[in-house]
Amino acid sequence: MAYAGVISIIAVIATARAPFSQAIVTDELRPTTSAIITVALALGWGVTAIIGGLAIQGVGFGGVFIFSAGLAFASAALT
């Protein structure tokens, strides 16, 4: 269920981001810009998975859960 929610949010963000990222470059650079953004986002997700796996291996799932819950609480408190 959480995976479906993340994918849904990504779809909305990507749809909103595309016009802005394409509007600031010339027509000739739009395919290259789109490719760079796609690769950068995919690398970001990949690195996040690696770091998350290493964190779980190092401190256990409980520690990562408490840390992420703390971040979520801080985010909610600050907004």
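**Figure 1. D27 and R30 join their side chains in a salt bridge, with 3.2 Å from N to O.** The term covers a side-chain nitrogen of Lys or Arg within 4 Å of a carboxyl oxygen of Asp or Glu. By this rule the count is one salt bridge. Side chains of opposite charge can pair when their charged atoms come close. D27 is exposed, at 55% relative accessibility. R30 is partly exposed, at 31%. Here buried means under 20% relative accessible area, exposed over 50%, and partly exposed in between, with a 1.4 Å probe and protein chains only. The model is predicted: local features need pLDDT of at least 70, side-chain atom pairs count only at pLDDT 80 or more, and totals for chains, interfaces and linings use all residues. Residues are numbered from 1 along each chain as its sequence is written, and side-chain values use heavy atoms, with hydrogens and water left out.

**Figure 2. Q22 sits in helix 1, which covers residues 2-23.** Helices (H or I, at least four residues) and strands (E, at least two) are DSSP runs, numbered from the N terminus. Q22 is buried, with a relative accessible area of 18%. Which residues does Q22 contact, leaving aside its neighbours within four places in sequence? They are R30, T33 and S34. Contact means heavy atoms within 4.5 Å. R30 also belongs to the salt bridge with D27.

**Figure 3. Helix 2 has a kink of about 110 degrees, centred on V59.** The bend at a residue is the angle between axes fitted to the seven residues ending there and the seven starting there. Helix 2 spans residues 30-78 and has 49 residues. Its end C-alpha atoms are only 36 Å apart. A straight helix would reach 72 Å at 1.5 Å a residue. That expected span is 1.5 Å times one less than the number of residues.

**Figure 4. The largest pocket has a volume of about 170 Å³.** Helix 1 and helix 2 are the elements that give two or more residues to its lining. The largest share, six residues, comes from helix 1. The lining consists of V6, I9, I10, I13, A14, R17, L41, A42 and W45. On a 1 Å grid over the protein atoms alone, a pocket is an open set of points where a 1.4 Å probe fits, with protein on both sides within 12 Å along at least five of seven lines; lining residues have an atom within 4 Å of a point. Grid points are joined across faces, edges and corners, and the volume is the space filled by probe spheres set on them.

**Figure 5. I50, G44 and G70 mark three places in helix 2.** I50 is exposed, with a relative accessible area of 55%. Its C-alpha atom is 13 Å from that of V64, 14 residues apart along the chain. G44 is partly exposed, at 33%. The C-alpha atoms of G44 and A18 are separated by 17 Å, with the two residues 26 apart along the chain. G70 is partly exposed too, at 35%. Between the C-alpha atoms of G70 and T33, 37 residues apart along the chain, there are 36 Å.
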